[in-house]
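Subject: Structure for you to look at, with notes

Dear colleague,

I am handing over the structure we spoke about, and my notes on what was found in it follow directly below. Please read them with the structure open beside you.

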Amino acid sequence: MKLAYMYATPDVEPAQVTAIQGPIAATLETIARTGYTGVELLVCNPAQIDRRALASAIGTTGLDMPAVCTGEVYGQDGLSFADPDPLRRQQAIDRMKASMDLAAEYGAMVNIGRLRGRYREDVASQQTLDWIGEAIEASTRAFPEVPIVLEPVNRNYANCLMTTRETCAFVRELGVANLGVMLDTAHILTEQETVTDAIREAGDLFWHFHITDSDRLPVGDGSYDIAAAMKAVEESGFDRYVTVETFQIPDAAHSILASREAMQPYFPSAS
C-alpha cells in the first residue's frame with residue numbers, strides 16, 4: 001500500500017473542503033515533503049486546471065496520482081447524474097468525462113460520490129438509478145481505459161446508494177467492466193457498518209480507500225479506531241493507494257502533518 005493526500009485544484013473555490021488548497025507547484029511540494037507518495041485531486045471543473053503546471057509539478061515531486069475525486073462538481077456547482085433536467089445531467093456527464101480525460105494522463109481512477117445525485121420526491125427512485133447508470137455507461141464508453149469507483153455516501157450527504165451492500169449490488173447489476181467501489185471510513189462508520197464488513201461485502205470490487213477521523217478531523221485527532229480500520233484494510237490484501245481526506249482543521253499545516261504521523265505505523269517510509 002501507499003499513502004496519498006487530497007489536494008483541491010485551483011478550480012475549487014476557497015472553502016472548507018476535505019483537501020489542502022493552494023498553488024499547484026507549492027502545494028504538491030508540501031505533500032511530497034511531508035512524506036506522502038501520492039496526490040489525489042479534488043476537482044470541480046477540470047477544464048479550468050492548468051494541465052501543464054500540474055504535469056510539471058507531478059514530474060518535479062515524483063508524486064503518483066491514484067485518483068481524481070469529483071465531489072465538488074456537485075458540492076460547488078450542484079451538478080449530478082440524477083438531475084431531472086436533461087441539460088444539467090449532460091453537464092454532469094461532461095464534467096465526469098473531463099475528469100476521466102485528466103485521469104487518463106496519469107493512469108488514475110475517477111470517483112463518483114455526491115456527483116451521482118439524490119432521490120427526489122417528484123422522481124421515481126428507479127428512474128434516478130437508471131439515470132445514474134446511464135451516466136456511468138456514457139462515461140465509460142468515452143474513456144473505457146479509465147477505472148471508475150462508485151462510493152457509498154452516508155445519510156448526511158446522500159439519500160441513495162448509502163451503504164456498501166446497496167452500492168455493490170448496483171455496481172454488480174450494472175455490469176460495467178471498469179466500475180469498482182471505493183470505501184471511506186466516515187461513510188462506513190456513519191452507516192453503522194464496520195470496515196471489515198464493508199471490505200468483505202465489496203470483495204473484488206474494492207479498488208480504493210479513503211481514511212479520515214471522526215467529523216472529518218485529521219487522522220489521529222478524532223475518536224475513530226484508526227488501528228482497527230487499517231488492520232481490516234491490511235488483512236484484506238489491499239495493495240493500492242489509501243488517501244487521507246480530512247478537513248484542514250485547524251489549518252492545512254497541522255492536518256497534513258498530523259495525519260502523516262498518525263499513519264506512520266502503516267506507511268513507515270515514503271518509498
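Pro-250 lies in the loop between strand 9 and helix 10 (252-262), where helices (H or I, at least four residues) and strands (E, at least two) are DSSP runs, numbered from the N terminus. The peptide bond that leads from Ile-249 into Pro-250 is cis, with omega near -5 degrees.

Please keep in mind that this is a predicted model, in which local features need pLDDT of at least 70 and side-chain atom pairs count only at pLDDT 80 or more, while totals for chains, interfaces and linings use all residues. Residues are numbered from 1 along each chain as its sequence is written, and side-chain values use heavy atoms, with hydrogens and water left out.

In the loop between strand 8 and helix 9, Asp-215 has a positive phi of about 60 degrees, but Asp-215 is exposed, with a relative accessible area of 64%.

Strand 1 (residues 2-8) is mostly covered, since six of its seven residues are buried. Strand 1 pairs in the parallel sense with strand 9 (residues 241-244) over four bridges, and also in the parallel sense with strand 3 (residues 38-42) over five bridges; two strands are said to pair if DSSP finds at least two bridges between them. Tyr-5 stands opposite Val-244 in strand 9 and opposite Val-39 in strand 3. Strand 2 (residues 20-21) is a further parallel partner of strand 1, over two bridges, and there Ala-8 stands opposite Gln-21.

Strand 5 (residues 109-112) is covered on both faces, with Met-109 and Asn-111 buried on one side and Val-110 and Ile-112 buried on the other. Strand 5 runs parallel to strand 4 (residues 67-69), to which three bridges join it, and Cys-69 stands opposite Asn-111. Strand 5 also pairs in the parallel sense with strand 6 (residues 148-150) over three bridges, and the bridge partner of Val-110 in strand 6 is Ile-148.

Which residues does Ile-112 touch, leaving aside its neighbours within four places in sequence? Ile-112 is in contact (heavy atoms within 4.5 Å) with Thr-70, Phe-81, Met-96, Ile-136, Ile-148, Val-149, Leu-150 and Glu-151, and its relative accessible area is 0%. Ile-112 and Phe-81 are 31 residues apart in sequence and 9.9 Å apart in space, C-alpha to C-alpha.

Turning to the helices, helix 1 (residues 24-33) and helix 2 (residues 51-61) pack at an angle of about 25 degrees, with their axes 9 Å apart. Here axes are lines fitted to C-alpha atoms, for helices over the stretch in contact, and angles run from 0 to 180 degrees between N-to-C directions. The contact is made by Ile-24, Ala-25, Leu-28, Glu-29 and Ala-32 of helix 1 and by Ala-53, Leu-54, Ala-57, Ile-58 and Thr-61 of helix 2.

The buried residues of helix 8 are Val-195, Ala-198, Ile-199 and Ala-202. Seen down the axis of helix 8, these residues fall within an arc of 95 degrees, so they line one face of the helix (the arc is that of the directions from the helix axis to the C-beta atoms). They pack against helix 6 (164-174), strand 7 (179-184), helix 7, strand 8 and helix 9. Helix 8 is followed by Gly-203, whose phi is positive, near 55 degrees.

In helix 9 (residues 226-235) the buried residues are Ile-226, Ala-229, Met-230, Ala-232 and Val-233. Their arc, seen down the axis of helix 9, is 155 degrees, so they line one face of the helix. Just after helix 9, Gly-237 takes a positive phi of about 85 degrees.

With best wishes

Key: Buried < 20%, exposed > 50% of the residue type's maximum accessible area, 1.4 Å probe, protein only.
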